[in-house]
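Please read it alongside the sequence and coordinates.

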Amino acid sequence: MATSTFPHVWLDERAVAWVDDTNTKVREIALDVLAHGWSPNEIQLNHPYLSLAQIHAALTYYYDHKALLDAEIEAALRTAEDFRAAAGGSPVRRPLTALRRPA
């Protein structure tokens, strides 16, 4: 396990930032703010295993490394979109879409 100068945050061998003693990436907490507009208290309500100190430390790390983490988030979104496009749609959704009446 790599070390970090940020309390409650550590970097793995791929330089991915994680919250100490959890299976939560810093970028997942950042996404709670970006996607939902959640405050630290709202994040804790939705992730009760995280302390407010861990949440604030993760957000501090995010804002100190915003460009890097935003690039990671964007790359993950592109990868998800590529997988979605390659899959050709949901096997459940295809027949439902075929049943849809034209507007």
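D70 and K66 both belong to helix 4 and stand 4 residues apart, about one turn of the helix; helices (H or I, at least four residues) and strands (E, at least two) are taken here as DSSP runs, numbered from the N terminus. The model is predicted, and local features need pLDDT of at least 70 while side-chain atom pairs count only at pLDDT 80 or more, whereas totals for chains, interfaces and linings use all residues. Residues are numbered from 1 along each chain as its sequence is written, and side-chain values use heavy atoms, with hydrogens and water left out.

The side chains of D70 and K66 meet in a salt bridge, with an N to O distance of 2.7 Å; the term denotes a side-chain nitrogen of Lys or Arg within 4 Å of a carboxyl oxygen of Asp or Glu. D70 is partly exposed because its relative accessible area is 26%, and K66 is partly exposed at 36%, where buried means under 20% relative accessible area, exposed over 50% and partly exposed in between (1.4 Å probe, protein chains only). E74 and R78 are likewise 4 residues apart in helix 4, so about one helical turn separates them, and their side chains form a salt bridge at 3.8 Å, N to O. An α-helix has 3.6 residues a turn, so residues three or four places apart point the same way.

The structure holds 5 salt bridges, and one of them joins R27 to E72, with the closest N and O atoms 3.0 Å apart. This pair links distant parts of the chain, since R27 lies in helix 1 and E72 in helix 4, 45 residues apart. Both R27 and E72 are buried.

| Residue | Relative accessible area | Class |
|---|---|---|
| D70 | 26% | partly exposed |
| K66 | 36% | partly exposed |
| E74 | 41% | partly exposed |
| R78 | 46% | partly exposed |

Which residues of the largest nonpolar core touch the most other members? Of its 18 residues, these are V9, V26, I29 and Y61; such a core is a set of buried Ala, Val, Leu, Ile, Met, Phe, Trp, Tyr and Cys residues joined through side-chain atoms within 4.5 Å. Two or more residues each come from strand 1 (9–11), strand 2 (17–19), helix 1 (26–36) and helix 3 (52–64), and helix 3 gives the most, with 6 residues. In soluble globular proteins, nonpolar side chains tend to be buried together.

Helix 3 has 13 residues and reaches 18 Å from its first C-alpha to its last, close to the 18 Å expected at 1.5 Å a residue, the expected span being 1.5 Å times one less than the number of residues. Its buried residues are Q54, I55, A57, A58, L59, Y61 and Y62, and their cover includes strand 1, strand 2, helix 1, helix 2 (40–46) and helix 4 (66–87). In helix 1 the buried residues are V26, R27, I29, A30, D32 and V33, and these pack against strand 1, strand 2, helix 2, helix 3 and helix 4. When residues up to four places away in sequence are not counted, I29 touches V19, T24, I43, L50, I55, A58 and L59, contact meaning heavy atoms within 4.5 Å.

L50 is found in the loop between helix 2 and helix 3 and is buried, because its relative accessible area is 1%. Leaving aside neighbours within four places in sequence, L50 is in contact with V19, T22, T24, I29, Q44 and I55.

Several backbone angles deserve mention. Helix 1 is followed by G37, whose phi is positive, near 70 degrees. H8, a residue other than glycine, also has a positive phi near 70 degrees; H8 sits in the segment before strand 1 and is partly exposed, with a relative accessible area of 31%. A15, which is not a glycine, has a positive phi of about 65 degrees, and A15 lies in the loop between strand 1 and strand 2, where it is partly exposed at 43% relative accessibility.

On the surface, V92, L96 and L99 form a nonpolar patch with about 340 Å² of accessible area together. Patches are made of residues with over 30% relative accessible area and no salt bridge, like charges being joined within 9 Å and nonpolar side chains (Val, Leu, Ile, Met, Phe, Trp, Tyr) within 5 Å, and accessible areas come from the Shrake-Rupley method with a 1.4 Å probe, only the protein chains shown counting as cover for residues. L99 lies in helix 5 (residues 93–99) and counts as exposed because its relative accessibility is 67%.
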